[in-house]
Structure formats: structure tokens, C-alpha cells
Amino acid sequence: MKKLFMTMCLLAVAWMLTGCGHSHDWVEATCSEAKHCKTCGKIEGFPLQHNWKEATCTEPKTCTLCGTTEGEAKGHTWNKATFTEPKTCAVCGATEGDKISCTEVNLSRFYDDSTIRQFACLEHTILCLYYNKDDVDFFDYDGKKVATVDIIPDGDTTAYYTDIADPPDLGNVIVLVTMVYEPNNTVVFSFYDEFGKIIGQVEAEGFVPEDKLYVRNYAEGHYLRINKTGYTRGYDAVLVIDTETMTVADNEAGFDSLRKFDGSQYKNSFLQATIGYKYDLVFGKDGSYAGYVDEYGNRVAMYKDASPFNYYGFALVSEDGKTYDVVDSDLKVVGKGVAKGSHSGWAGSSVLYTLQDGKIHFYSIK
Ligand SMILES: [Zn+2]
Ligand SMILES: [Zn+2]
Ligand SMILES: [Zn+2]
């Protein structure tokens, strides 16, 4: 009897402790807290479990109940743009940008002008070099002249220039380099953009006019290599200019990252820079093939004919030498049979030309 009384007393105390005599003010359970009373803190049950929704291209793994996230969005798995489809996510179908545009542009006025030694199609302008003129002209694609650069100062006969109108690794920023020899063995390099605007100058010592110099942009990133020969593609540069800081870099700068492999099995050891240095373009000695090799010289893909990559990252390849396909920088065919012709290539960095029916056709491929 005494034991029962004791138990009842304990129960009463327990009731008084928990009950407090109020009606609980419940807060519903969340993922982090169980259902509990705001006033006394009494807990009932357990916190909810997160209800995870798997990560998508654009959203991280997310709890549908509380919005907590874990990790990061997966990001889109892009398939590159083609002639028929814009850049498209293989997972969610999202698209970005436009499909590759291939439009014929009329450049016959440049092509037919016999005073023009060379013209190069840049992103926004066309650069013209002449046979008997010290000027370099820049025209827009409507044919309007937008700038003229006088490449040789009046009265100076020792200066000469070179253009580098196909500089994928320089982001097409520098399209023209002039070199003017000063007394005291210095040479002044001036760099111009595609609107004929000077964007920097660098002076280097130890050069005389007899040192004919060649600009080679066959280096990683923003390094411009100056050679004494036009044939060696920058491997034996006598000067390396950092075009970002407009300073003479150490001669070794960027040197180690140049692709080095025995190119003697190819025509002229012809190694042509491509976008991001992913591949080098090589030509067979007997002219029977052309294609791309990786940085170690391993053959990636060989064709009957192949072109350098243009500014936008496209190249022309041909299986039979007659019909050309456009490939992206992964060598994936993005457009077929666009350039049927007996001969084709890139005019400058953005325009492709083909010879069909005895007539030259220019196409802008972006
Ligand atoms: Zn309570
Ligand atoms: Zn949750
Ligand atoms: Zn996606």
C-alpha cells in the first residue's frame, strides 16, 4: 500500500513537471527540429528526414521540405553547336547561343584588286597589305575603310613589317606587328588591333636591320616569339615578348610549353598552331594527307586535306580532297559538304574560301 502511494506521488510530480498546466504551443517538426512546444520545450517525435531531390544541371541536390542544399549543380553537358543545332545540353536540352552560321560574303573587290598583296579577314575587319604602299588598311565587311596604319615612318628605309593575322592564341587581339629599326641597335615593335589601333610598343636591344625578324605566335597564351627565320615556327626564338605586359620576357618564357616532337616526317616540319594548342596541323611530305597530331606528336586524325582552325574554333577537313566538312575543336563534324571545291582554306582567321567552277567563294563561319 505504501508502495502504491509512493508511485502515485511520483506520477503526480511527473505530471506537474511536464504539464505545467498549460496547453502546448506546438511548432511542427522540420528537417532540423522535432515537433516541440514553444513554451516548455517538450518534444514529440523526431525531426523529419530531408527529402532529397537529386542535383540537376542548374540546381544542387535540394531538400524539397526545407530547401537545404548539398553539393553543387551538375552543370550542363554541352554538345557543341552545329550547322543545324545551337549548343545544346545532352541532359536537359537547354540551349545557348545560335547554331553555327555559314554565310557567303562577297570579298571579290579585295580578291580582284591586283594592288593588294594580301588580305586577311579578321573578326570585324579586313586587313589589306599592298605591293607598293607602306600603308596597311582596315576595312569593315561593308567595304568601308575604318583605319590606315602607316607602317614605315617617312624617310625610313630600314623598317619593315609583318602581319600575324591568324593569331588564335592571342585571341585575335594583335593582328599586325610593325618593326622599326632605330640607330643604336634597337628595334621598336608596335602592336595593332583589328581596328588599326596601336595597343602597345616594346623596344628591344641587340638587333640590326640585317637581322630580318619574323613574328611567330606559336607559343602558349600571350607570348609572341620573334625569330630570325620564317621556317622554324618559334622553336628557336631570339626574343619572346609578353603581349599582356608589353615587355620583353625572358627568352625561355613560354618555351617549355611549346610542343616539341620530331616533325621531320612531315612537309617542312609544318606545325601550325590551333586553338588552345590542342593539336598541331601537319602535312605529309608527299602531299597525300594532312591532319592533326597531339602535343606528343601522336596522330589524332588524318585526312586528305585539313586546314588550320579559325578564330572561332572551326577547321576544314576533307576525306577525298573534294568535299570539305567543317569540324569543331574536338574534330567533330558540325557541317557537311559546305565547301565543295577544288581548293579551299581560310582567308585570315574567320573567313573560309573555296574555289568552285573557277570562281572563288568566301564564307564567314562563326
Ligand atoms: Zn508546453
Ligand atoms: Zn530538409
Ligand atoms: Zn543541362
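1. Some ground rules. Residues are numbered from 1 along each chain as its sequence is written, while chains are lettered from A and ligands numbered from 1 in the order in which they are written. Because the model is predicted, local features need pLDDT of at least 70 and side-chain atom pairs count only at pLDDT 80 or more, whereas totals for chains, interfaces and linings use all residues.

2. The overall picture. The protein chain holds two helices and 32 strands (DSSP runs numbered from the N terminus: helices are H or I with at least four residues, strands are E with at least two). Of its 366 residues, 27% are buried (20 or more other C-beta atoms, placed from the backbone, lie within 10 Å of the residue's own).

3. A sheet to find. Three strands form an open sheet in the order S7-S8-S9, with antiparallel pairing (two strands pair if DSSP finds at least two bridges between them). Strands S7 (78–79) and S9 (95–96) are at the edges with a single partner strand each, so one side of each has no neighbour in the sheet. S7 is joined by two bridges to S8 (residues 87–89), and Trp-78 stands opposite Cys-89 in S8.

4. An enclosed strand. Strand S20 (residues 223–227) is largely enclosed by the rest of the structure, because five of its five residues are buried. Tyr-223, Arg-225 and Asn-227 point one way, and Leu-224 and Ile-226 the other. In a regular strand, side chains alternate between the two faces of the sheet.

5. The partner of S20. Four bridges link S20 with the antiparallel strand S21 (residues 239–242), where Val-240 is the bridge partner of Arg-225.

Note on methods
Buried ≥ 20, exposed ≤ 12 C-beta atoms within 10 Å, placed from the backbone.
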